[in-house]
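Good morning, colleagues. I would ask you to keep the sequence and the three-dimensional view before you while I speak.

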Amino acid sequence: MPASSPKTRAARQPGNAPGVPLSPSRFGDEKATRARILYAALQVFAARGFEAASLREITEKAGVNVAAIHYHFGSREILVQELMRAVAGPLNQLRLDALDRACAQGAPGLEAVVEALVGPPVRLSFEATGEPRLLIRLLIQARALPQEATNHAIFEQYDALAIRFVDAMLQAEPALPREEAFWRYAFAIGALMYIVSDSDQQYHRLHRISGGLCNTDDPQAIVRQLVAFITAGIRARP
C-alpha cells in the first residue's frame with residue numbers, strides 16, 4: 001500500500017505537531033476555543049467516564065459556556081467523535097509513517113512491524129501532555145461500555161489501521177494464516193493497552209509486584225518487552 005499523500009495526512013491532523021494534538025496554545029482565537037474544549041473533554045472523560053462526565057464539567061475546565069460546545073460541535077456525540085479523531089489521528093499517523101519506513105525496502109521484518117504498532121503510543125504516553133495515556137483510558141472505557149458515538153469513532157480511527165498492520169504482519173510472516181493474524185493483532189492491542197495503563201503514575205502495579213525489577217517508567221524498556229512478547233506470540237504455532 002502506498003504511503004499517504006501530504007494532502008491526506010494534513011486532513012487527518014488538526015494542524016498540530018504529532019504528540020501534542022490538542023494543545024490550545026498552538027492555535028489562535030476560534031481554533032484555540034475549540035482546542036480548549038477538546039482538551040478539557042479529554043481530561044474529564046478520561047477521569048470520569050463518558051456516562052458520568054457532564055458538559056458543565058467540560059465547559060468549566062475549558063473556561064467556556066455550554067453554547068460554545070453546541071457552536072463548535074453541535075452535540076455531545078459529535079464532541080466525543082471529534083475528540084477521538086483529534087487525539088487518535090496524529091498518533092495513528094505516526095504508526096503509519098513508521099510502518100511505511102519498515103515496508104520501504106519490500107517485505108518488512110516482523111519486529112519492525114510490531115515496533116511501528118506499539119512504539120508511538122508507548123513513547124508518546126510519557127510526554128508531558130499525557131494525551132496518549134488519556135486516550136488509552138478513553139479506549140478502555142469505550143470498549144467496556146460501548147455506545148454508538150464511541151463505537152463510530154473507534155471504527156473510523158482504527159479499523160483501516162488494523163487491516164494495514166495485519167497485511168504487514170502477513171508480509172513479514174507469509175506462512176501465518178490470515179485468521180491467526182487477526183487474532184494475534186487483537187491480542188497485541190490488548191497487551192499494549194494494559195501496559196500503558198499499568199505505567200500510569202497512580203497505578204504502577206507491575207513495578208510494585210516485581211519489587212522494582214520492571215521499570216514501567218522507561219518507555220524504551222516497555223517497547224522492547226512488548227516487541228519481544230508480541231512477535232513471539234505471532235510466530236507461535238496455535
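Predicted model: local features only at pLDDT ≥ 70, side-chain atom pairs only at ≥ 80, totals over all residues.

The protein chain contains 11 helices and 0 strands. Read from the N terminus, the order of elements is accordingly α-α-α-α-α-α-α-α-α-α-α. The chain has 238 residues, and 49% of them count as buried. As for the contacts between residues at least 6 apart in sequence, 67% join residues at least 24 apart. The accessible surface amounts to about 12000 Å², and carbon and sulfur atoms account for 56% of that area.

Let me now take up helix packing. Two packed helices are described by the angle between their axes and the distance between the axes.

Helix α5 covers residues 76–103 and helix α6 covers residues 110–124; their axes come within 8 Å and cross at roughly 150°. How are these two helices oriented to each other? Angles over 145 degrees count as roughly antiparallel, and α5 and α6 are therefore roughly antiparallel to each other. Their crossing is right-handed. On the α5 side, the residues in contact are L91, L94, R95, A98, L99 and A102. They meet A112, V113, A116, L117, P120, P121 and L124 of α6. By class, this contact comprises 12 nonpolar residues, no polar residues and 1 charged residue.

The second pair is α8 with α9. Helix α8 spans residues 148–172 and helix α9 spans residues 178–198, and they pack at an angle of about 125° with axes 10 Å apart. These two helices are therefore oblique to each other. The crossing of α8 and α9 is also a right-handed one. From α8, the contact draws on L161, A162, I163, F165, V166, D167, M169 and L170. From α9, the partners are R178, A181, F182, R184 and Y185. The contact of α8 with α9 divides into 10 nonpolar, no polar and 3 charged residues.

I come now to the individual residues, starting with R85, which lies in helix α5. Apart from neighbours within four places in sequence, R85 is in contact with P90, H152, E156 and Q157.

Next is A62, found in helix α3, residues 55–62. With a relative accessible area of 5%, A62 is buried. If residues up to four places away in sequence are set aside, A62 touches R36, I37 and A40. The C-alpha atoms of A62 and A35 are 9.0 Å apart, with the two residues 27 apart in sequence.

Finally, please locate H204, which sits in the loop between α9 and α10, the latter being residues 205–209. What is the relative accessible area of H204? The value is 12%, and since buried means under 20%, H204 is buried. Which residues does H204 touch, once those up to four places away in sequence are left out? They are D198, S199, T216 and D217.

That concludes my presentation, and I thank you for your attention.

Definitions and conventions:
Residues numbered from 1 in each chain as written. Heavy atoms only, no water. Helix = DSSP H or I, 4+ residues; strand = E, 2+ residues; numbered from the N terminus. Buried < 20%, exposed > 50% of the residue type's maximum accessible area, 1.4 Å probe, protein only. Contact = heavy atoms within 4.5 Å. Areas by Shrake-Rupley, 256 points an atom, 1.4 Å probe, with all protein chains shown as cover. Axes fitted to C-alpha atoms, helices over the stretch in contact; angles between N-to-C directions. Parallel < 35°, antiparallel > 145°, perpendicular 65-115°, else oblique. Left-handed = near helix turned anticlockwise from the far one by under 90°. Nonpolar A, V, L, I, M, F, W, Y, C, P; charged D, E, K, R; others polar.
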